[in-house]
Amino acid sequence: MTTLRVFEAAARHQSFSLAAKELFLTHGAISKQIKQLENDLGCALFTRQHRQVSLTTAGQRYLLQIQAALATISRATTDIRTAGTDNQSLSINVLPSLTINWLIPRMEEFKQRYPHLYVDLSIGDFNVDFNQHRYDIAIRSVTSAPQGCQYVKLMDEDLCLVCSPQLATTLHSLNDINSLTLLKHTTRPELWPLWSKQVGVTLNNDKKFGMEHFYMLSQAAVSGMGIALIPRFFIEQQLSDGSLVIPFDNHFTSPYSYYVLSPQAQRLPAKAQAFIDWLLEIFAPYRH
């Protein structure tokens with residue numbers, strides 16, 4: 001790094017003497033490091049004349065790349081140094097069910113870790129256009145890789161068949177679910193048919209009740225309204241306290257996967273990268 005800074009200063013000034021003055025080195029030290037760099041690269045970077053130097057064609061190309069690289073390193077260093085002291089705003093848009101049932105109870109941990117970040121959390125299930133919506137981060141569940149943005153896959157969607165303990169006592173085989181009301185996710189009507197095909201059950205039940213979000217389905221299932229297909233991570237608390245049970249543990253992965261999205265950029269801001277790293281950490285038990 002020292003040699004590259006020496007080269008950048010000498011090339012910018014077109015003078016070893018001025019570079020030495022800027023970097024508090026001797027003219028001889030500048031000349032020696034430039035010569036070492038040229039030997040390493042296998043080409044001349046400067047044309048030397050009496051008390052004057054000028055860049056070769058290779059030196060001109062190298063200068064542009066080195067200046068860009070040093071600028072990137074400088075910005076990254078500044079981001080890290082100021083991340084713990086500067087108050088910054090982080091705008092996040094997340095699926096409603098994920099926010100209410102799962103993310104909000106864990107956000108205090110993130111705030112404790114990054115107290116300088118002001119989090120602006122909103123909910124949504126629309127297609128995110130980062131050119132129109134000024135979000136730093138969005139989380140969505142989709143059936144194919146997102147387009148027009150950067151993304152990191154968080155996890156697949158593993159669904160559990162769940163109901164209240166009281167309803168579970170009426171079930172002796174999978175076919176018995178036809179006697180219960182099927183709680184349907186109205187924006188994902190294909191889930192029940194896909195599940196029944198995988199587990200080999202024919203659904204001939206006309207008793208259905210539709211709801212738009214998983215958190216609504218979970219509340220309906222807890223209240224005994226019927227039986228539902230809900231991601232396991234959404235209902236950890238209910239499974240733990242016994243308000244929901246899994247009568248038949250048939251593994252089913254839906255066509256949907258969860259992604260964290262961010263605007264297209266060569267380098268994510270430190271605040272966005274911090275949130276993504278934290279998400280990957282807390283989602284780790286569900287990734288496979």
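Two strands count as paired if DSSP finds at least two bridges between them, and with that in mind I would like to begin at one such bridge in this predicted model, where C160 stands opposite I230 in strand β9.

That position belongs to a pairing between β6 and β9, which run antiparallel and are joined by four bridges. Strand β9, residues 227–231, also pairs with strand β7, residues 182–185, but here the two strands run parallel and two bridges join them; within that pairing, L183 has A228 of β9 as its bridge partner.

Staying with β9, you will see that the strand is mostly covered, five of its five residues being buried. I227, L229 and P231 point one way from the strand, while A228 and I230 point the other way, and buried residues are found on both sides.

Let me turn now to helix α10, residues 270–283, which has 14 residues and reaches 20 Å from its first C-alpha to its last, close to the 20 Å expected at 1.5 Å a residue. Its buried residues are K271, A272, A274, F275, I276, W278, L279, I282 and F283, and what covers them includes the strands β3, β4, β5, β6 and β10, together with helix α5.

Finally, a word on confidence: the mean pLDDT of the protein is 90, and 96% of its residues reach 70 or more. Among the elements, helix α4, residues 57–83, has the lowest mean pLDDT, at 81, whereas helix α6, residues 165–168, has the highest, at 96.

Terms used. Residues are numbered from 1 along each chain as its sequence is written. This is a predicted model: local features need pLDDT of at least 70, side-chain atom pairs count only at pLDDT 80 or more; totals for chains, interfaces and linings use all residues. Side-chain values use heavy atoms; hydrogens and water are left out. pLDDT is the predictor's confidence in each residue, from 0 to 100. The expected span of a helix is 1.5 Å times one less than its number of residues. Buried means under 20% relative accessible area, exposed over 50%, partly exposed in between (1.4 Å probe, protein chains only). Contact means heavy atoms within 4.5 Å.
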